[in-house]
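I opened a new page for this structure and jotted down what I looked up, in the order I looked.

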Amino acid sequence: MQQVYKHYGPYGIYRGFRTSYYSATTGAFAFFIVYKGMKQKMREYFQPATQQQCSLIYLVASVCAEAISMFIYYPYEILKVRMITKNDTFGYKSIPDAFHKIFKSEGVRGWYKGYPYFLVNFVLSNTIQLVIYETYMDLKKKKVGNREFKLNEGRYVIEAALLGGFITGSLLNSFECVMYMKMAEQVKGKTLLQIYKDSGTQMLTKGVGTRILMTQGYSLLYFNLLYYLGLAFDCDLLDEMDDEYLESL
């Protein structure tokens, strides 16, 4: 952070903010609609009887929702990474200019360069966080009951978000490093195995502390926003379960 501020000033800290904003808002909106809808339909159809079956539904719904929503917001991610890391090379002046230049030189495929790596990373990342979050909340409901759960739900949201962020950041840090190197075209022509081989064990720990803190911060912001917006608009991420159903899990 000090090095970025020293070289670029306050602007450097928020470099790529607009593309991040468009990416986050479009992606989160699409993801929530697809995930919530699929989860409810799958619950109604399969009628899960155990916590393991509930967690499997969260897993499948999350994977499908992330794959669909990512197709919408991935081009913004390409722009964000390039504008932050190598815009002195690409010379993008604005978001429309960046889209135009990529399309002109690389076609539509250029908007989705590195897509498979990003898909694997973010499907795994969001899926792990959501499954941990929803499973943790289900277990808390079962342990304390609906009435006690509602009284302390805000605290449980924070606990579940921190736990999901820590586990996700620890597991996926090295793969995310590779993904961003691919998106920024820093390892042209190299396979995944070659990148890991050249980087050695350093790739496994490179920036892991920052990654964990960032993932936990994202989880806290994301799940708290969902929780409080759900209260405001009566649209909760979690499903309603009566005490009898909770006892059966």
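**First look**

I counted the elements first: the chain has 13 helices and 0 strands. I kept in mind that this is a predicted model. Reading along the sequence, I got the pattern α-α-α-α-α-α-α-α-α-α-α-α-α.

Of its 249 residues, 46% count as buried. I also looked at contacts between residues at least 6 apart in sequence, and 76% of them join residues at least 24 apart.

**H8 against H12**

H8 covers residues 115-151 and H12 covers residues 208-233; they pack with their axes 12 Å apart, at an angle of about 60°. That angle makes H8 oblique to H12, since it falls between the under-35 degrees range for roughly parallel and the 65 to 115 range for roughly perpendicular. I noted the handedness too: the crossing of H8 and H12 is right-handed.

Which residues make the contact? From H8 I listed Ser-125, Asn-126, Gln-129, Leu-130 and Tyr-133, and from H12 Arg-211, Thr-215, Tyr-218, Ser-219 and Phe-223. Sorted by class, the contact of H8 with H12 has 4 nonpolar, 5 polar and 1 charged residues. I wrote a reminder beside the list: an α-helix has 3.6 residues a turn, so residues three or four places apart point the same way.

**H12 on its own**

With 26 residues at 1.5 Å a residue, H12 should span 38 Å, and its end C-alpha atoms are 37 Å apart, which agrees.

Then I went through H12 for burial. The buried residues are Arg-211, Ile-212, Thr-215, Gln-216, Ser-219, Tyr-222, Phe-223, Asn-224, Leu-226, Tyr-227 and Gly-230. Among them, Arg-211, Thr-215, Ser-219 and Phe-223 also turn up in the contact with H8.

**Glu-134**

Back in helix H8, I stopped at Glu-134. Is Glu-134 buried or exposed? Its relative accessibility is 1%, so Glu-134 counts as buried, the cut-off being under 20%. I also looked up its distance to Gly-164, which sits 30 residues apart from Glu-134 along the chain: their C-alpha atoms are separated by 9.9 Å.

**Gln-47**

My last stop was a loop. Gln-47 lies between helix H3 (17-46) and helix H4 (51-85). Gln-47 is not a glycine, yet it has a positive phi of about 50°. I checked its surface as well: with a relative accessible area of 55%, Gln-47 is exposed, as the cut-off for that is over 50%.

Definitions and conventions: Residues are numbered from 1 along each chain as its sequence is written. This is a predicted model: local features need pLDDT of at least 70, side-chain atom pairs count only at pLDDT 80 or more; totals for chains, interfaces and linings use all residues. Side-chain values use heavy atoms; hydrogens and water are left out. Axes are lines fitted to C-alpha atoms, for helices over the stretch in contact, and angles run from 0 to 180 degrees between N-to-C directions. Helices (H or I, at least four residues) and strands (E, at least two) are DSSP runs, numbered from the N terminus. Angles under 35 degrees count as roughly parallel, over 145 as roughly antiparallel, 65 to 115 as roughly perpendicular and the rest as oblique. A crossing is left-handed if the near helix is turned anticlockwise from the far one by less than a right angle, and right-handed if clockwise. Contact means heavy atoms within 4.5 Å. Ala, Val, Leu, Ile, Met, Phe, Trp, Tyr, Cys and Pro count as nonpolar, Asp, Glu, Lys and Arg as charged, and the others, Gly among them, as polar. The expected span of a helix is 1.5 Å times one less than its number of residues. Buried means under 20% relative accessible area, exposed over 50%, partly exposed in between (1.4 Å probe, protein chains only).
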